[in-house]
Amino acid sequence: MKTIIEPFKIKSVEPIRFTTKEERVKILQEAYYNPFFIHADDVLIDLLTDSGTSAMSSKQWAGIMDGDEAYAGSKSFYRFESVVQKITGHKFVIPTHQGRAAEKILFSTVCGPGKYVPNNTHFDTTRANIEFTGAEAVDLLTEVGKHPEQRADFKGNMDVDKLDDFIKKVGKENIPLVMITITNNSGGGQPVSMQNIKDVRAICDKYGLPLFFDACRFAENAYFIKKREKGYADKSILEICQEMFSYSDGATMSAKKDALVNIGGFLSLNDESLAANCRNLLIVTEGFPTYGGLAGRDLEAVAQGLEEVLDEHYLQYRIRSIEYLGEKLLNGGVPIIEPPGGHAIYIDAKRFLPNVKPEQYPGQSIVCELYIEGGIRTVEIGSVMFGKKDKTTGKFIPAMMELVRLAIPRRVYTQSHIDYVAEVCLEVFNNRHKLKGYEIIYEAPMLRHFTAKFKPL
């Protein structure tokens with residue numbers, strides 16, 4: 001059949017509170033034009049993030065009731081550890097309360113001033129945790145990934161030649177690890193090919209460097225490999241995941257994405273000495289190594305979610321849902337990153353609002369208008385999130401791309417919700433000549449997009 005249906009039935013529902021346009025104008029003003037300050041009750045469709053916003057399954061809720069809350073040696077931990085090891089093949093599994101905690105522990109252990117971490121594209125918390133140590137996060141995205149309008153199967157790939165050149169330039173002794181983000185979130189949720197992973201692994205082997213994954217959307221990446229890369233059509237998602245991870249030495253994971261839970265994460269490694277150092281920091285900051293800041297019931301939910309996300313029927317529905325929204329926007333003329341990625345649609349704010357300069361934050365303008373027009377909460381991934389000033393000259397350095405991310409929570413919204421999102425986006429696009437830029441009137445020194453305050457120009 002042509003119609004791809006949701007591979008689940010709805011068992012519990014949550015009401016949505018409707019607001020008027022006039023109410024939303026006031027709400028946005030009181031939130032200083034930053035969607036992070038808007039109360040969730042005042043949002044009709046929440047596409048701010050796909051992190052921790054999934055609907056859990058009946059088996060996950062059953063696991064929560066069955067969770068073992070022993071402080072040390074919980075049976076829920078050993079189930080969690082077993083599932084992670086089955087997928088990744090990594091020897092040592094360290095639970096954390098979410099992905100950025102895993103990043104904090106890893107980078108605090110291996111990074112510091114004078115160090116560099118190359119990646120296809122770092123996301124915000126990854127970059128922040130690297131730079132907090134005094135190290136530098138370096139993006140080496142393949143060239144086609146920098147052009148939203150160009151179509152390619154694996155726009156999330158790392159530029160292997162640039163990686164080789166970069167290692168020669170700064171010295172392998174100054175690079176504690178190389179990282180690949182799968183899928184590439186800041187690059188539009190675009191997948192990384194197995195061949196690219198192999199090629200990066202070869203460079204790492206050449207210089208004796210470990211390779212880590214930011215693996216929060218590993219299953220979605222595996223599905224793209226199955227559908228787009230030669231030689232993988234007949235392999236199971238688990239087999240593809242196991243091959244992907246076999247080329248890595250470790251991973252950080254926010255379980256709040258592909259593990260289909262509302263909290264949780266892990267750090268997995270093969271190096272026993274590094275694992276011991278990370279566990280020591282974990283005990284200081286998160287908790288004992290068999291719970292790591294999570295309740296036993298959370299570990300059960302993560303373990304179950306990691307098994308459910310490997311279901312190809314679920315992944316087919318998931319990826320097609322994103323593609324469906326992308327097609328509706330493209331048909332209406334809305335510029336997006338093409339082809340649609342795995343977890344979100346990314347509006348290209350540069351082409352959407354060509355008359356608004358990057359330093360006037362065109363993405364933020366679209367974000368605000370989407371909320372006013374339809375109560376849809378989204379997030380800017382552009383010069384608000386990644387723009388900065390040159391430390392020497394004070395000159396504004398814009399982000400590589402100006403994007404608005406519409407992140408779709410897993411198993412939460414129906415097709416009619418997505419049709420509504422498309423309708424609102426098209427309405428805003430058709431009236432885009434009315435939109436103006438914004439300026440920041442308050443910003444924090446790091447991760448400013450979470451708490452920045454704006455005013456319209």
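Five bridges join strand β7 (residues 250–254) to strand β8 (residues 265–269), and the two run antiparallel. Strands here are DSSP runs of E with at least two residues, helices are runs of H or I with at least four, and both are numbered from the N terminus. Two strands count as paired if DSSP finds at least two bridges between them. The model is predicted, so local features need pLDDT of at least 70 and side-chain atom pairs count only at pLDDT 80 or more, while totals for chains, interfaces and linings use all residues. Residues are numbered from 1 along each chain as its sequence is written, and side-chain values use heavy atoms, with hydrogens and water left out.

**The sheet**

- Strands of a sheet pair through backbone hydrogen bonds, either parallel or antiparallel.
- Both β7 and β8 belong to an open sheet of five strands, ordered β2-β8-β7-β6-β5, in which the pairing is mixed.
- The edges are formed by β2 (92–96) and β5 (178–181); each has a single partner strand, so one side of each lacks a neighbour in the sheet.
- On average, neighbouring strands of this sheet are turned by 15 degrees against each other, direction ignored; the axes are lines fitted to C-alpha atoms (for helices over the stretch in contact), and angles between N-to-C directions run from 0 to 180 degrees.
- Met253 stands opposite Phe266 in β8.

**Aromatic rings**

- The structure holds 15 aromatic pairs. Rings of Phe, Tyr and Trp (its six-membered ring) pair if their centres lie within 6.5 Å; planes under 30 degrees apart are stacked, over 60 edge-to-face, and the rest tilted.
- The ring centres of Tyr33 and Tyr438 are 5.4 Å apart and their planes stand at 55 degrees, so this pair is tilted.
- Tyr33 lies in the loop between α1 (21–30) and β1 (45–46), and Tyr438 in strand β15 (residues 438–442), so the pair ties together parts that are 405 residues apart in sequence.
- Tyr33 and Tyr438 are both buried (under 20% relative accessible area; exposed is over 50%, partly exposed in between, with a 1.4 Å probe and protein chains only).
- Phe36 and Phe450 form an edge-to-face pair, with 5.0 Å from centre to centre and 75 degrees between the planes.
- This pair links distant parts of the chain, 414 residues apart: Phe36 is in the loop between α1 and β1, and Phe450 in the loop between β15 and β16 (453–456).
- Phe36 is partly exposed at 28% relative accessibility, and Phe450 is partly exposed at 25%.
- Phe77, Tyr78, Phe80 and Phe266 are linked into a cluster by ring pairs.

**Charges over rings**

- The charged end of Arg432 sits over the ring of Phe429, 3.9 Å from its centre. For such a contact, NZ of Lys or CZ of Arg must be within 6 Å of the ring centre and within 35 degrees of the ring normal.
- Lys453 lies over the face of Tyr442, 5.9 Å from the ring centre.

**Cysteines**

- The structure holds zero disulfides (a disulfide is a pair of cysteine sulfur atoms within 2.5 Å).
- Cys241 is in no disulfide, and the nearest cysteine sulfur, that of Cys216, is 13 Å away; Cys241 is buried at 0% relative accessibility.
- The sulfur of Cys368 is 14 Å from the closest cysteine sulfur, in Cys425, which is too far for a bond. Cys368 is buried, with a relative accessible area of 1%.
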